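Here is a friendly walk through a single chain, going from charged pairs to cores and then to a few individual residues. Keep the viewer open as you read.

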Amino acid sequence: AGWALFTVYGLIALYFHWRGGGKTVHLLALESCFAAFFLFLVSSLEYVGQSRWIARLWPAALAGVIFMALRAVWLPESLVVQWTVAVFQALPLLVAGWLLWRQGAREPAFGVRLLAAPLLLHAFHSVDNALWAAQKLYLFRAAFDGLLDVTIGVAMAVLVLESAHVRTEHLNEKLRRLTMLTTAASHTCNVNEVLAQALKHLVESLQATHGIVHLLEGQGEEAALVLRASVGFGEPVSRQRQRIPLREAWVRRVLDQQSPFVSYAETTEPDIRTWMQEEQLSTLVLVRLPGKDTTLGLLGIGSATPREFQEDEVGLLVNVANLLGITVQNVWLLEEVTRAQRHWMYTFDSIADPILVHDEEGRFLRVNRRVSDRLALPPEQLIGRSLASLLSHDRTLFGNSDWKTCPYCEGLCGSG
């Protein structure tokens with residue numbers, strides 16, 4: 001908006017110098033220039049995180065509008081009014097440049113100070129523009145003023161591109177750390193623990209206040225989204241959202257669409273609106289957790305403060321949802337393997353006959369409890385040792401001493 005008004009000012013000033021104009025044209029030029037500079041100041045306050053001061057600037061803005069009207073319409077020859085107008089036009093640029101210069105000391109990028117420098121130069125250069133018309137260097141100063149305007153525009157473009165690049169790098173770094181976190185956590189064989197750690201990190205990375213993960217369980221009419229992890233949600237609400245039936249319309253709509261489902265306080269979905277009101281959320285983003293062949297569940301990120309999630313943040317959320325879907329399936333697979341291994345070990349140890357697994361050189365790879373009892377050693381002390389070395393003093397323990405590697409494999413103590 002600031003640059004749009006500044007462009008309007010430039011066109012009006014060009015017309016004024018070319019064709020001349022009355023008080024109305026002069027008034028439009030002054031008001032559009034002051035409004036553009038004032039919006040530059042507002043943007044600078046938002047950039048440095050000082051938005052609370054914006055509401056306090058409107059009296060100064062109103063005073064500036066009044067003095068612009070006095071300068072153009074009622075008191076065009078008054079030197080006091082001319083100097084006051086010059087100060088009102090220079091002051092927003094001066095404050096904006098000072099704020100950005102201080103902010104540049106806290107940021108490694110150079111775009112902030114690249115913009116702050118021409119803003120400060122423009123403020124100091126234009127503070128005496130009431131005297132330009134009487135100076136011999138009027139044309140030079142007017143041209144230099146235009147050069148500073150162009151420099152400010154280029155610096156703003158650099159700052160926007162640089163901020164977008166830095167933001168992308170930060171999000172990529174957060175995604176990389178989240179990938180490492182989920183990879184490390186996936187070895188716990190506990191889906192709830194993995195989701196809780198990943199969700200906490202994701203909420204912090206997006207500077208949100210709430211996060212929730214539901215996984216799909218059951219079949220047919222009994223299918224429902226079951227709460228597995230949450231951050232920031234109160235316990236009563238979490239209990240109400242422990243199990244969300246899949247037959248609810250908004251659930252089906254969110255799970256069926258590929259893009260994230262973004263809701264605000266005025267959303268038309270009554271269930272989501274009630275949910276957001278209970279937790280005092282201003283924004284809620286819901287993303288499905290995709291699996292290899294089917295949808296696994298739902299990921300939700302909310303903010304209690306008014307905000308709009310940027311496109312790159314929503315993109316990060318989608319990537320995290322894909323990563324969590326893969327991680328959840330890997331953890332489930334690991335749980336199944338661990339469960340099968342425990343079942344096999346229980347069966348293996350419960351057999352009354354001695355059973356052992358060895359390599360080609362006769363070293364133990366696995367033994368059951370019966371072998372451990374006959375050799376009077378715990379299983380962990382038998383792994384890696386050979387049967388021949390253990391029975392070097394009594395090779396008849398298995399009923400026959402004429403064996404080299406394994407009496408079972410050599411057929412001297414039954415089949416092996």
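## Salt bridges

R363 and D359 pair through their side chains in a salt bridge, with 3.3 Å from N to O. Salt bridges with shared partners tie D359, E361 and R363 together as one network. R363 counts as partly exposed because its relative accessibility is 34%, and D359 is partly exposed too, with a relative accessible area of 22%.

This is a predicted model, and the structure holds 5 salt bridges. Side chains of opposite charge can pair when their charged atoms come close.

| Salt bridge | N to O distance |
|---|---|
| R141 and D128 | 2.9 Å |
| E217 and R228 | 2.9 Å |
| R363 and D359 | 3.3 Å |

The side chains of E217 and R228 form another salt bridge, at 2.9 Å from N to O. This pair also links distant parts of the chain: E217 belongs to strand β1 and R228 to strand β2 (residues 224-231), 11 residues apart. E217 is partly exposed at 28% relative accessibility, and R228 is partly exposed with a relative accessible area of 23%.

## The chain as a whole

The secondary structure comes to 14 helices and 8 strands. Of the 416 residues in the chain, 40% are buried. Among contacts with a separation of 6 or more, 49% are between residues 24 or more positions apart. The chain exposes about 23100 Å², and carbon and sulfur atoms supply 59% of that area.

## Nonpolar cores and a surface patch

In soluble globular proteins, nonpolar side chains tend to be buried together. Which residues of the largest nonpolar core touch the most other members? Among its 28 residues, they are L195, L289, L299, I301 and L317. The elements giving two or more residues to this core are α7 (191-205), β1 (210-217), β5 (283-290), β6 (295-303) and α11 (311-350). Of these, α11 gives the most, with 8 residues.

Leaving out residues up to four places away in sequence, L289 touches V213, H214, L215, T295, L296, G297, L298, L299, A321 and L324. There is also a second, separate core of 27 residues, including F38, L41, I54 and L93.

L79, W83 and L131 make a nonpolar surface patch of about 260 Å². W83 lies in helix α4 (residues 79-104) and is partly exposed, at 33% relative accessibility.

## One side of a helix

Helix α9 (residues 249-256) has W250, V251, V254 and L255 as its buried residues. They cover an arc of only 130 degrees around the axis, so they are on the same side of α9. An α-helix has 3.6 residues a turn, so residues three or four places apart point the same way.

## Individual residues

S263 lies in strand β4 (residues 261-264) and is buried, with a relative accessible area of 1%. Apart from its neighbours within four places in sequence, S263 is in contact with I272, M276, S282, T283 and L284. S263 and T283 are 20 residues apart in sequence, and their C-alpha atoms are 5.8 Å apart in space.

Most residues other than glycine have a negative phi. What is the phi of Q207? It is positive, about 55 degrees, although Q207 is not a glycine. Q207 is in the loop between α7 and β1 and is exposed, with a relative accessible area of 64%. Q280 likewise has a positive phi of about 55 degrees without being a glycine. Q280 is in the loop between α10 (270-279) and β5, and Q280 is exposed, with a relative accessible area of 63%.

Note on methods:
Residues numbered from 1 in each chain as written. Predicted model: local features only at pLDDT ≥ 70, side-chain atom pairs only at ≥ 80, totals over all residues. Heavy atoms only, no water. Patch = residues over 30% accessible without salt bridge, like charges linked within 9 Å, V, L, I, M, F, W, Y side chains within 5 Å. Areas by Shrake-Rupley, 256 points an atom, 1.4 Å probe, with all protein chains shown as cover. Salt bridge = Lys/Arg side-chain N within 4 Å of Asp/Glu carboxyl O. Helix = DSSP H or I, 4+ residues; strand = E, 2+ residues; numbered from the N terminus. Buried < 20%, exposed > 50% of the residue type's maximum accessible area, 1.4 Å probe, protein only. Core = buried A, V, L, I, M, F, W, Y, C linked by side-chain atoms within 4.5 Å. Contact = heavy atoms within 4.5 Å. Arc of directions from axis to C-beta.
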